[in-house]
Amino acid sequence: MSNQGRAYGFSRDVQNKIEKKYEPELEERLVEWIIVQCGAEVSRPEAGRPGFQVWLKDGTVLSHLINSLHLPEKKPIKKIQTSDKAFKQMEQISQFLIAAEKYGVNKMDIFQTVDLWEAKDMAAVQRTLMSLGSIAVTKNDGCYHGDPNWFHKKAQENKREFTEQQMREGQNIIGLQMGSNQGASRAGMADYGLGRQIIG
């Protein structure tokens, strides 16, 4: 974590809560997928949260990942720069985040650049990569490499077409949400409009 002192009190409690959301097993699955997806362009990181963060921190691995999910002529990040300058690394991460959103990752699932660069919330980074993998499996466009069981498929639209006759027939059916009138009778009920008899 760059240029940050220790957190104390409430800040430390919040940071501990965020750090508990990080899943080491998920890290292993994501590392395997990224290595299979990107091939020889990336190396294996050191195990553990610090190793995972350092591996992704400069943005080059993420850029190779998002490019590998596209056809060669449609790569979203044209120039992948390796730099040890902070602003260049953060710019590379930002390019990945923009490309991931265009790929279909929900804006709510996308981490902030500082979450990765300063290791503030590595669980958010995991969520983004999981969402990216799920979308890649769902698209099934031939660009995804790896075990499809590593990620769940996103729900897809199931549009139905009905004929005019089927639509008319449906209007004659009382839906169960509206209740049922079978077996209903007024037996034993008083007539409408009669006042209540109060015996006093």
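1. The buried residues of H3 pack against H2, helix H4 (60-68), helix H6 (113-117) and helix H7 (122-139). Helices here are DSSP runs of H or I with at least four residues, numbered from the N terminus. This is a predicted model, in which local features need pLDDT of at least 70 and side-chain atom pairs count only at pLDDT 80 or more, while totals for chains, interfaces and linings use all residues. Residues are numbered from 1 along each chain as its sequence is written, and side-chain values use heavy atoms, with hydrogens and water left out.

2. In helix H3 (residues 49-57), the buried residues are Gly51, Phe52, Gln53, Trp55 and Leu56. Buried means under 20% relative accessible area, exposed means over 50%, and partly exposed lies in between (1.4 Å probe, protein chains only).

3. The axes of H2 and H3 cross at roughly 30° and come within 11 Å. That angle makes H2 roughly parallel to H3. Angles under 35 degrees count as roughly parallel, over 145 as roughly antiparallel, 65 to 115 as roughly perpendicular, and the rest as oblique. Axes are lines fitted to C-alpha atoms, for helices over the stretch in contact, and angles run from 0 to 180 degrees between N-to-C directions. On the H2 side the contact is made by Glu27, Leu30, Val31, Ile34 and Ile35, and on the H3 side by Arg49, Phe52, Trp55 and Leu56. Contact means heavy atoms within 4.5 Å.

4. H2 also packs with H7, at an angle of about 50° and with the axes 11 Å apart. The two helices are therefore oblique to each other. From H2, the contact involves Leu26, Glu27, Arg29, Leu30, Trp33 and Ile34; from H7, Gln126, Leu129, Met130, Leu132 and Gly133.

5. Where does Gln37 lie, and is Gln37 buried or exposed? Gln37 belongs to helix H2 (residues 24-38) and is buried, at 4% relative accessibility. Its side chain makes a polar contact with the side chain of Ser68 at 3.2 Å. A polar contact is a pair of N or O atoms within 3.5 Å; within protein, one must be able to donate a hydrogen and the other to accept it, and residues adjacent in sequence count only if both atoms are side-chain atoms. Leaving aside neighbours within four places in sequence, Gln37 is in contact with Leu65, Ser68, Leu69, Cys143, Tyr144 and His145.

6. On the cysteines: Cys38 is buried at 8% relative accessibility, and Cys143 is buried with a relative accessible area of 8%. A search of the whole structure finds 0 disulfides, a disulfide being a pair of cysteine sulfur atoms within 2.5 Å.

7. Ala119, in the loop between H6 and H7, has a positive phi of about 55° although it is not a glycine. Asn140, in the loop between H7 and helix H8 (164-171), has a positive phi of about 50° and is not a glycine either. Asn140 is exposed, with a relative accessible area of 63%.

8. Asp109 lies in the loop between helix H5 (86-103) and H6 and is partly exposed, at 26% relative accessible area. Asp109 and Thr128 are 19 residues apart in sequence and 5.3 Å apart in space, C-alpha to C-alpha. Not counting residues up to four places away in sequence, Asp109 touches Ala124, Arg127, Thr128, Ser131 and Lys154.
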